[in-house]
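This report walks through selected features of one protein model, to be read alongside the sequence and coordinates shown here.

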Amino acid sequence: MILAGDVGGTKVHLALYGFSEGRLSHVRDEKFHAKDFEGLEQIAQKFLADSGNPQVTAACFGVPGPVRGGRLKLTNLPWILDCRDLSHKLKIEHLFLINDLEANGYGIPELSSDQIYQLSAGDSGAVGNRGLVSAGTGLGEAILVWNGRIHVPIASEGGHCDFSARNDLEIDLLRYLQRQLKGRVSFERVVSGIGLKNIYTFLRDEKGLEEPEWLKERMALEDPNAVIGEVGEAGTNELCAKTLNMFVSAYGAEAGNLALKVLAVGGLYLGGGIAPKILDKMKDGTFMNAFTDKGRLSDLLIHTPVRIILESRAALMGAAAYAESRAAALTGASERAASQANRS
């Protein structure tokens, strides 16, 4: 059995997968509120106990941030993760930590056609590098390098690059956030769950867009991002509609930036939890207009396929695929070494 995890800034999603005849098979999964637990070890132990304590041969967790030497200090949670420590405490011999967008990248080949929405066909026959941008609690980015045979996911922290304003309204937003944050503004402060609320507050407080009492109450009692998405798509409130429009436009612009940087002729994928929830807005042209608005390089972006990952378990599938592949490689290497030692 393989244990897979997708560790987010607010939730931890764990799953068990079987593996036979070259394919993963989903067994069960469960989501946990991260702040209800002291660390990942405690969540994994509870999940495994609730699953009947199956024999786990390999595990992989996709985590938000740069993993160095099997160790990571999370950005949005007060946790320090160490794969050797987790391996020992969970009694799992082969345990890996990889960047969450890297896990997403490994998950793409595991997806079926109905788990992906094609936002723009582009040149669907083109082969080459791909880009992956995921707006959720934060903003993650990854490069899928084409090596002539497969796409190899490469982690990055591109979501923390400087926010680049493109028009007067975004310049005003940048200046507003500079004051609020007392300095530098990254793309994650605009294109993410955090960003949605930042744009909303900017339009309300700086631009004077009305927040009626019914909306104020919903924002206080419900998930603010869900409210903005629902009301914005319905078009029943100008504040939410303009917030969503600014967000999707900035999302498209940054996705286009990544596509240019990695020459993503093989396609640009959108992961994370936000895009599938505002799919109607993603389809109305706002995203693609910003994505392709690249001056002399616009034609390149017009021919770049753009696809939205609809499957919420994509990162789990990728983490499971990575765990199985690495564990098999390590086991095979160990067996070969033992065989050579016996022959000598």
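## Helix against sheet

In this predicted model, helix 8 lies across strand 9 (130-135), strand 10 and strand 12 (268-271), and the helix runs at about 155° to strand 9.

The sheet itself is open and has 6 strands in the order 8-13-12-9-10-11, with mixed pairing. Its edges are formed by strand 8 (116-120) and strand 11 (151-155), each of which pairs on one side only, and the twist from one strand to the next averages 25°.

Strand 11 pairs with strand 10 (residues 139-146) in the antiparallel sense, over 5 bridges. Within this pairing, Pro153 of strand 11 stands opposite Leu144.

Pro153 is also touched by Glu102, which contacts Ala155 as well, when residues up to four places away in sequence are not counted. Glu102 belongs to helix 3 (residues 100-107). What is the nearest side chain of opposite charge to this buried residue? That side chain is Arg326, 7.7 Å away, and Glu102 has no salt bridge; the distance lies outside the criterion, since a salt bridge requires a side-chain nitrogen of Lys or Arg within 4 Å of a carboxyl oxygen.

## The nonpolar core

The largest nonpolar core has 50 residues, of which Phe247, Leu270 and Phe287 touch the most other members. Helix 8 (residues 238-262) gives the most to this core, with 12 residues.

Leaving aside residues up to four places away in sequence, Phe287 touches Leu119, Val248, Tyr251, Gly252, Ala255, Leu270, Met282 and Val306.

Definitions and conventions:
Residues numbered from 1 in each chain as written. Predicted model: local features only at pLDDT ≥ 70, side-chain atom pairs only at ≥ 80, totals over all residues. Heavy atoms only, no water. Core = buried A, V, L, I, M, F, W, Y, C linked by side-chain atoms within 4.5 Å. Buried < 20%, exposed > 50% of the residue type's maximum accessible area, 1.4 Å probe, protein only. Helix = DSSP H or I, 4+ residues; strand = E, 2+ residues; numbered from the N terminus. Contact = heavy atoms within 4.5 Å. Pairing = 2+ DSSP bridges. Axes fitted to C-alpha atoms, helices over the stretch in contact; angles between N-to-C directions. Lys, Arg positive; Asp, Glu negative; His and termini not counted.
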